[in-house]
Amino acid sequence: MSSLLSVRDLVKHFPITRGVFGRPVGAVRAVDGISFDVKQGETLGLVGESGCGKTTAGRAILRLIEPTSGQVTFDGVDVLSRDPARLRALRRRMQIVFQDPFSSLNPRMTVGAIVREGLIIHELAEGAAAHARVKQLLEEVGLRPEYATRYPHEFSGGQRQRIGIARALAVEPSFIVCDEPVSALDVSVQAQVINLLQDLQRDRGLTYLFIAHDLSVVEHVATRVAVMYLGHIVELAGAEDLYAEPFMPYTQALLSAVPIPDPQKRKQRIVLTGDVPSPANPPPGCPFHPRCHHPAKDAACARITPPLETKADGHLAACIKQPPTRITWEEQLAAGATHRPERYVPLALAARS
Amino acid sequence: MTAPDSRPPALLTVRDLRTYFRTDAGVARAVDGVSFDVMPRETIGIVGESGCGKSVTSLSIMRLIRPPGTIEAGSRVEFEGRDLLALPEPEMRKIRGNRIAMIFQEPMTSLNPVFTVGEQIAEVARVHANASRKDAWDRAVEMLQLTGIPAPAQRATEYPHQLSGGMRQRVMIAMALVMDPALLIADEPTTALDVTIQAQILELLQQLQERFAMSIILITHDLGVIAEMAQRVLVMYAGEIVEQASVGELFARPHHPYTEGLLAAMPTLGEARSRLAVIPGTVPPPTRWPAGCRFHDRCRYAWERPERDHPPLFEVGPAHWSRCFLAEEPQRRTQAKDASAIAGGSA
């Protein structure tokens, strides 16, 4: 399958300024050079903890915030060099569904007006045709057409998220960034919205970038998964491979930390020490090395920035201690290595399958 | 059932607790006849979705309900043999913090931004134990150390905004445990935290429970957290307990259709499913609980009886109760499953 979206070396730094003249004194390296492709019709899951840069990445791709540098190609078109007028035409094909269904809908607009707005702006329909289209869209996301005359506050969280989805669908996009679309919802409602997104994908051939912190949800929806840590993608693989055999020690810890709703499987966890470092002052070398539990971790991890490289077929990870790696032993020695790379699968993960 | 006298006395006994809010939209029966016990050193989980009454239950135990909310007459909360609902407020204040402590979802809003965390923890010791300034401060540092905060003496001099979310929750736990309470109520203690930090906090709670020999009421919407932490579970829906069982029993043999639905609706790591089961509809507003069984309009098995009659809790297994007429008419469950299989739906 061909790539619909291609992201290369995407960087977004937010400057930290001081004083009345806004003298830059540093930068929050929210997204620090990430590259990935999203293939036509697939769902790429983008997971990570707060502050890892996943939301910034999603927005920078759509140019809802301007990236610092990098390249984004959507269906052969260079997104970042487009002028505003031509960007609008592109936006019709790239949409976003936000996390918070309470703040992302204008409270002064009726549901009908919210969904219709995109149709009017992009001159897709007007008058009676737009009206009919809005009703059809509401039905498609499981809402009653007569809701068009009501206001967002009259709806529950799950219903509002359906309104947000209808708004995104109105302009018939081929690609949707779903930014934590079910995080604010209760379990029973979350399942309804996940199923809806999957049905829409199947019926309309949609491609999703699905950003979430909930690894169980991502495993359920994603074809492939990218794991982010401190602005970097540290692992990228098919969903099944990533969950079955994570290479990167961070991914391993993340997976082992998820509580499993089965008391028979009470398990050992890899409990990481400390907090995620600040993206304004990331550690040198591997961003994860201060918290890493790999037994071969050594001084080289603090000096060498690990490349995101192939560890198994279609499985990329950034760790110089998980073989194979193109960072040679000589290079590691020169950086102060004391432990040779060695494949490491923590017991806590081995025990659960 | 085991003979009642063979069991140690419960630390906390809640009987027929009703907490209503009289609002313009009508009477919201947020907690509507809840009864349960908490045994010494036990962790009991209360699980349910937004608006089910799980947080109001815990606030009622602490008597932290503000108008227009009232704890209705006939409700009973007994703790260490004392009737909490009849205690004068100064007495109740001694219980809070001293014997029952509470931690919340968002530590930032529960900490005072203008005092250092050390001062805030020390104040608890000074107010409740009349400790001297010096002793209280030492105690604060010691508590921070116990909760696994690195460089506790240094951290004690910092303000809440200087700490990460996980650190703040540790500070909250330190503050809650200063007075060595017998019962800790933890209301969604890890919901705002990242999964690796959640793992740290859950681990910490387990260690401290052991050390302080306390009971925990753990309130959460996350069945995964319940499975890892609790010995017994209460499932709440629409202001009522709809199912109660040991954690093993509940996950192995969920009886109430709501519990069954929650488990099926959850995507679970390592269990690939093509499609999630859904519970149709949403939780009704607390001013308008449906007549009969409050879950009947969302239930896949519902028939005339639950539409008409309100089910009591039935004993459906050893120490396992379920508020569902399927206890008396179990064949309806298998019939409904067969019917949906024939119709091509997934069971």
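Trainee: How does the radius of gyration of chain B compare with that of a compact globule?

Mentor: This is a predicted model. A compact globule of 347 residues would have a radius of gyration near 20 Å, and chain B has 22 Å, so the two agree.

Trainee: What box do the C-alpha atoms of chain B fill?

Mentor: Along the principal axes the box is roughly 70 × 50 × 45 Å.

Trainee: And how many of the residues count as buried in chain B?

Mentor: Of the 347 residues, 47% are buried. Among contacts in chain B with a separation of 6 or more, 63% come from residues 24 or more positions apart.

Trainee: What does the secondary structure of chain B come to?

Mentor: Chain B has 13 helices and 13 strands.

Trainee: Take strand 7 of chain B. Which residues are buried on its faces?

Mentor: Strand 7 of chain B covers residues 100–103, and both of its faces are covered. B:Ile100 and B:Met102 are buried on one side, B:Ala101 and B:Ile103 on the other.

Trainee: In which sense does strand 7 pair with strand 8 of chain B, parallel or antiparallel?

Mentor: Parallel, over four bridges; strand 8 of chain B is residues 183–187. Within that pair, B:Ala101 stands opposite B:Leu184.

Trainee: What about strands 12 and 13 of chain B, what do they form?

Mentor: A hairpin, with two residues between the strands. Strand 12 (residues 314–317) and strand 13 (residues 320–322) of chain B pair in the antiparallel sense over three bridges. B:Glu315 stands opposite B:Trp321 there. In the turn, B:Ala319 has a positive phi of about 50°.

Trainee: Switching to chain A: what is phi of A:Arg63?

Mentor: Near 60°, a positive value in a residue other than glycine. A:Arg63 is in the loop between helix 1 (54–62) and strand 4 of chain A. With 17 other C-beta atoms within 10 Å, A:Arg63 is partly exposed.

Trainee: Where are the cis peptide bonds you marked?

Mentor: One joins A:Pro323 and A:Pro324, with omega about -5°. A:Pro324 is in the loop between strand 12 (315–317) and helix 10 (329–334) of chain A. Another runs from B:Pro67 to B:Pro68, with omega near 10°. B:Pro68 lies in the loop between helix 1 (54–61) and strand 4 (69–71) of chain B.

Trainee: Back to strands. In what order do the four strands of the open sheet in chain A come?

Mentor: The order is 2-1-4-5, with antiparallel pairing. Strand 2 (23–39) and strand 5 (77–78) of chain A are the edge strands, each pairing on one side only. Strand 4 (residues 69–74) and strand 5 of chain A pair over two bridges, and A:Thr73 has A:Asp78 as its bridge partner.

Trainee: What should helix 4 of chain A span?

Mentor: Helix 4 of chain A has 14 residues (127–140), which at 1.5 Å a residue should span 20 Å; the end C-alpha atoms are 20 Å apart, so this agrees.

Trainee: Which residues of helix 4 of chain A are buried?

Mentor: A:Val134, A:Leu137 and A:Leu138.

Trainee: What covers the buried ones?

Mentor: The cover includes helix 3 (111–121) and helix 5 (157–170) of chain A. After helix 4 of chain A comes A:Gly142, with a positive phi near 85°.

Trainee: Last topic. How many residues of chain B are in contact with chain A?

Mentor: 38 residues of chain B are in contact with 36 residues of chain A. Helix 8 of chain B gives the most to the chain B side, with six residues. That side divides into 18 nonpolar, 13 polar and seven charged residues.

How values were computed:
Residues numbered from 1 in each chain as written. Chains lettered and ligands numbered in written order. Predicted model: local features only at pLDDT ≥ 70, side-chain atom pairs only at ≥ 80, totals over all residues. Contact = placed C-beta atoms within 7 Å. Nonpolar A, V, L, I, M, F, W, Y, C, P; charged D, E, K, R; others polar. Pairing = 2+ DSSP bridges. Buried ≥ 20, exposed ≤ 12 C-beta atoms within 10 Å, placed from the backbone. Rg over C-alpha atoms; globule rule 2.2 N^0.38 Å. Expected span 1.5 Å × (residues − 1).
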